[in-house]
Amino acid sequence: MSPEEYIERKANLVNRYLAAHRLDSVVVGISGGIDSAVVAGILSVARSQPGSNIQRVVGVVAPIFTDGATNQDKASSRAIEVCDTLGIEAWVLPLTQPQR
């Protein structure tokens with residue numbers, strides 16, 4: 001199976017799941033790494049498939065700016081770039097302080 005076929009199959013699974021549960025939006029954590037970028041890419045493909053119910057994909061970028069957390073600026077920039085490239089809405093939600 002080619003990578004393209006694999007991605008199409010995963011995107012089909014996403015669309016079937018969302019349709020079965022009558023969902024039209026997806027939220028995904030985007031770290032700036034490969035794994036979350038691949039998931040975001042699959043969601044982007046799923047949204048573009050004919051008959052997809054997906055109206056909105058939101059990528060949550062959640063940096064933690066504390067001692068011991070390294071390269072958060074770089075990772076956040078990469079995550080936002082992934083969202084921009086895929087046409088995904090990016091929400092930046094720093095986890096340094098408690099959220100209310």
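Here is a chat about the predicted model shown above.

Visitor: Quick overview first: how many helices and strands are in the chain?

Guide: There are 3 helices and 3 strands. Going along the sequence, they follow the pattern α-β-α-β-α-β. Keep in mind that this is a predicted model.

Visitor: And what box do the C-alpha atoms fill?

Guide: Roughly 45 × 35 × 20 Å, taken along the principal axes. The chain has 100 residues, and 29% of them count as buried.

Visitor: What about contacts along the chain, what share joins residues at least 24 apart?

Guide: That share is 76%, counted among contacts between residues at least 6 apart in sequence.

Visitor: Let's go to α1. What span should its 18 residues have?

Guide: Helix α1 covers residues 3-20, and at 1.5 Å a residue it should span 26 Å. Its end C-alpha atoms are 26 Å apart, which agrees with that expectation.

Visitor: Which residues of α1 are buried?

Guide: Ala11, Asn15 and Leu18. They cover an arc of only 65° around the axis, so they sit on the same side of α1.

Visitor: Why would residues three or four places apart point the same way?

Guide: Because an α-helix has 3.6 residues a turn.

Visitor: OK, and what do those buried residues of α1 pack against?

Guide: They pack against β1 (25-29) and α2 (34-48). On the face of α1 turned away from the buried side you'll find the exposed residues Arg9, Arg16 and Ala20.

Visitor: Which residue with positive phi follows α1?

Guide: That's Arg22, with phi near 55°.

Visitor: Switching to the core. Which members of the largest nonpolar core touch the most other members?

Guide: Ile30, Ala40, Leu43, Ile54, Val57 and Ile88, out of 16 residues in that core. The elements giving it two or more residues are α1, β1, α2, β2 (56-61) and α3. The largest share comes from α2, with 4 residues.

Visitor: Take Ile54 then, what does Ile54 touch?

Guide: Setting aside residues up to four places away in sequence, Ile54 touches Val14, Asn15, Leu18, Asp24, Leu43, Ala46 and Arg47.

Visitor: Now a serine. Is Ser36 buried or exposed?

Guide: Ser36 is buried, with a relative accessible area of 10%, so it falls under the 20% cut-off. Its place is in helix α2. Leaving out neighbours within four places in sequence, Ser36 is in contact with Gly29, Ile30 and Ser31.

Visitor: How far is Ser36 from Leu18?

Guide: They are 19 Å apart in space, C-alpha to C-alpha, and 18 residues apart in sequence.

Visitor: There's also Gly41. Where is Gly41 placed?

Guide: Gly41 is in helix α2 too. Gly41 is buried, with a relative accessible area of 18%. From Val28, Gly41 is 13 residues away in sequence and 11 Å away in space, C-alpha to C-alpha.

Visitor: Last one: in which helix is Ser76 found?

Guide: In α3, residues 72-86. Ser76 is buried, at 12% relative accessible area. Not counting residues up to four places away in sequence, Ser76 touches Val61 and Pro63.

Key: Residues are numbered from 1 along each chain as its sequence is written. This is a predicted model: local features need pLDDT of at least 70, side-chain atom pairs count only at pLDDT 80 or more; totals for chains, interfaces and linings use all residues. Side-chain values use heavy atoms; hydrogens and water are left out. The expected span of a helix is 1.5 Å times one less than its number of residues. Buried means under 20% relative accessible area, exposed over 50%, partly exposed in between (1.4 Å probe, protein chains only). The arc is that of the directions from the helix axis to the C-beta atoms. Contact means heavy atoms within 4.5 Å. A nonpolar core is a set of buried Ala, Val, Leu, Ile, Met, Phe, Trp, Tyr and Cys residues joined through side-chain atoms within 4.5 Å.
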